[in-house]
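Open the model in your viewer and keep the selection panel to hand.

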Amino acid sequence: MSRNALIVRTALALLAFAGNSLLCRLALKATTIDAATFTSVRLLSASLALWLILHFSKRVRPSLGNWHSAAALFVYAAGFSLAYINLTAGTGALLLFSAVQITMIGAGLARGERLTALQTVGVVLAVAGLIGLVLPGLTAPPPASAALMILAGIAWGVYSLRGAGASDPTNVTAGNFIRTLPMTLIFSMMFFMQFHFDALGLIYAIASGAITSGIGYAIWYGVLPHLRATQAATLQLSVPVIAAFGAVFLLGEAASLRLLLASICILSGIALVIQQRARKKLS
């Protein structure tokens with residue numbers, strides 16, 4: 001893959017990840033679609049998009065994936081949608097990303113990894129930023145919604161850890177998405193009283209599933225072999241920033257000083273951990 005193609009595809013994947021937050025928030029803010037329906041349509045659309053990609057490339061292996069990873073994927077998607085009923089796109093993306101990274105860093109520590117002094121500073125800075133973001137106050141996010149998004153981030157972190165090193169990540173992801181479909185049926189039945197169909201909301205859900213999830217993940221897994229792990233992790237730091245700016249310019253959401261300061265603390269702290277981990281591996 002040429003350098004220019006790698007840059008373009010990486011940018012498209014990161015925009016897709018940020019687009020998930022923007023589409024979900026837009027659907028739940030500007031239309032009357034309910035969160036459960038949005039989640040179900042998103043997962044169904046992503047499953048279909050990934051299956052079609054694999055079918056036309058003649059690489060379908062439906063046996064890949066597993067129910068435990070699918071459950072983690074479903075918890076992420078459900079928590080994500082329920083949280084965005086009351087969260088702004090920028091705040092939600094930052095909470096999600098922070099929880100994902102802290103979960104993965106915590107898993108490394110549980111496996112016996114040791115932090116350097118600078119990594120410890122980075123973790124403390126990131127956690128302090130997260131606490132500062134959710135502390136009660138005029139611009140604090142609703143506690144229940146913040147908790148749901150953190151749960152979604154933990155689930156995505158678990159999903160990422162379970163899928164690390166997969167030999168065929170696109171097929172594994174497709175298999176996991178397909179396995180979430182029975183869960184979405186139960187989820188929709190649980191929230192049947194809140195069901196509301198909305199044509200525009202349905203379009204946003206399909207776009208979130210087929211384009212920013214299905215195609216977005218396929219693009220990302222295509223560029224991952226060409227990136228060092230540290231590069232991939234660092235590039236993902238841009239996702240909550242893109243989502244926050246997109247929310248301001250596309251959704252008209254306000255950028256609070258609390259969100260700005262928390263973003264600086266969290267992203268700087270996580271970047272410090274990632275970069276120091278890379279230096280340790282090289283030394």
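The tour takes aromatic rings, then charges over rings, then a cavity.

This is a predicted model, in which local features need pLDDT of at least 70 and side-chain atom pairs count only at pLDDT 80 or more, while totals for chains, interfaces and linings use all residues. Residues are numbered from 1 along each chain as its sequence is written, and side-chain values use heavy atoms, without hydrogens and water.

**Rings.** There are 11 aromatic pairs in the structure. Rings of Phe, Tyr and Trp (its six-membered ring) pair if their centres lie within 6.5 Å; planes under 30 degrees apart are stacked, over 60 edge-to-face, the rest tilted. Select Phe177 and Tyr217: their ring centres are 6.0 Å apart and their planes at 35 degrees, so this pair is tilted. Phe177 sits in helix α7 (residues 169-179) and Tyr217 in helix α9 (residues 199-223), 40 residues apart. Helices are DSSP runs (H or I, at least four residues), numbered from the N terminus. Both Phe177 and Tyr217 are buried (under 20% relative accessible area, 1.4 Å probe, protein chains only).

**Charges.** Select Arg42, over the face of Phe80 at 5.0 Å from the ring centre. Then show Arg179, over the face of Trp67 at 5.9 Å from the ring centre. The criterion is NZ of Lys or CZ of Arg within 6 Å of the ring centre and within 35 degrees of the ring normal.

**Cavity.** Finish with Thr88, Gly90, Ala244, Ala247, Val248, Glu253, Ala254, Ala255 and Leu259, which line the second largest cavity. A cavity is a set of points on a 1 Å grid over the protein atoms alone where a 1.4 Å probe fits but cannot get out; lining residues have an atom within 4 Å of a point. Helix α11 (residues 238-250) gives the most to this lining, with 3 residues.

Definitions and conventions
1 Å grid on protein atoms, 1.4 Å probe; cavity = no way out; pocket = protein on both sides within 12 Å on 5 of 7 lines; lining within 4 Å. Helix = DSSP H or I, 4+ residues; strand = E, 2+ residues; numbered from the N terminus. Buried < 20%, exposed > 50% of the residue type's maximum accessible area, 1.4 Å probe, protein only.
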